[in-house]
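My notes follow in the order I checked things.

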Amino acid sequence: MQLYNYFRSSASFRVRIALQLKGLPYDYMPVHLVKGEHKAPDYAGRIGDALVPTLVTDGGTALSQSMAIIEYLDETHPTPALLPATPLARARVRALAQMVACEIHPINNLRVLRYLVHELKVDEDAKNAWYHHWVRSGLEAFERQLDLLAQERAAQGMAPSVLCWGDTPTLADCCLVPQIFNAQRFKVSLDGLLRTMSAFDACMALPAFQQAQPSACPDNEA
């Protein structure tokens, strides 16, 4: 397989985590977003949205969108599973993942921030205020959801979660960790997010998350 991605892209980071968790080898294909390499015809012509990541399967099929790619990997390489066994638990994990991938990330990614600056003429302080507001409020909602899920697990006699759900990495953890990395890079306050940061720290103690992080990527820029 080939993974076209950018080291700082949180969507790419999600897929790298999934590949590492499953022990799947792949060729790392860097696409520099800041330099606009994703807009080059030889890349943009393969994927309709011309974004990263793109996973090219062993059969040569190009897949887009990180959430779809991760679920494809989970279906084709089911061990270790990134979604729980029961429908209710799977819904819980997907909801957590989508709180990051659908609510927080889309309005704070590179192309949105660049549009704010270049098209709407927002200054650097206002751009950072935008980022801090939406990321912090989104993570606060994530924290509240983890609190509710902890109460639900306790009421059902289930063990407390070490990670986002349970004690093995799931789709939710694949999404949370890159978002925290980005929040830290932009110096967003993470104070008071006790369950969220506990899950993050537990993830980062695992080799797969360490090996997938931006600093471990061949195109990393300090």
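I started with the largest nonpolar core, which has 67 residues. The model is predicted, so I read every contact here as a contact of the prediction. I listed the core residues with the most contacts inside it: I17, L19, L73, L96, L139, F142 and V177. Which helix gives the most to this core? I found α7, with nine residues.

I then took L96 from that list. Leaving out residues up to four places away in sequence, I saw L96 touch F142, Q145, L146, L149, C164 and A172. L96 is also one of the α4 residues that meet α6.

Next I looked up that helix pair. I noted α4 as residues 87-104 and α6 as residues 124-155. Their axes lie 10 Å apart, and the packing angle is about 175°. Angles over 145 degrees count as roughly antiparallel, and α4 is therefore roughly antiparallel to α6. From α4, I recorded R92, L96, M99, V100 and I104 in the contact. From α6, I recorded W134, V135, G138, L139, A141, F142, Q145, L146, L149 and E152. By class, I have 11 nonpolar, two polar and two charged residues in this contact.

I went on to α3 and α7. Helix α3 covers residues 66-76, and helix α7 covers residues 171-185. I noted that their axes come within 11 Å and cross at roughly 140°. How do α3 and α7 lie to each other? They are oblique. I logged the crossing as right-handed. On the α3 side I found M67, I70 and E71, which meet L171, C174 and C175 in α7. The residues of this contact divide into five nonpolar, no polar and one charged.

I stayed in α7 for Q179. Is Q179 buried or exposed? I read a relative accessible area of 3%, so Q179 is buried. Again leaving out residues up to four places away in sequence, I listed its contacts as V100, I104, H105, Y131, V135 and L139. Among these, V100 and I104 belong to the α4 side of the contact with α6, and V135 and L139 to the α6 side.

Last, I checked helix α8, residues 194-204. Which of its residues are buried? I found T196, M197, A199, F200, A202, C203 and M204.

How values were computed
Residues are numbered from 1 along each chain as its sequence is written. This is a predicted model: local features need pLDDT of at least 70, side-chain atom pairs count only at pLDDT 80 or more; totals for chains, interfaces and linings use all residues. Side-chain values use heavy atoms; hydrogens and water are left out. Axes are lines fitted to C-alpha atoms, for helices over the stretch in contact, and angles run from 0 to 180 degrees between N-to-C directions. Helices (H or I, at least four residues) and strands (E, at least two) are DSSP runs, numbered from the N terminus. Angles under 35 degrees count as roughly parallel, over 145 as roughly antiparallel, 65 to 115 as roughly perpendicular and the rest as oblique. A crossing is left-handed if the near helix is turned anticlockwise from the far one by less than a right angle, and right-handed if clockwise. Contact means heavy atoms within 4.5 Å. Ala, Val, Leu, Ile, Met, Phe, Trp, Tyr, Cys and Pro count as nonpolar, Asp, Glu, Lys and Arg as charged, and the others, Gly among them, as polar. A nonpolar core is a set of buried Ala, Val, Leu, Ile, Met, Phe, Trp, Tyr and Cys residues joined through side-chain atoms within 4.5 Å. Buried means under 20% relative accessible area, exposed over 50%, partly exposed in between (1.4 Å probe, protein chains only).
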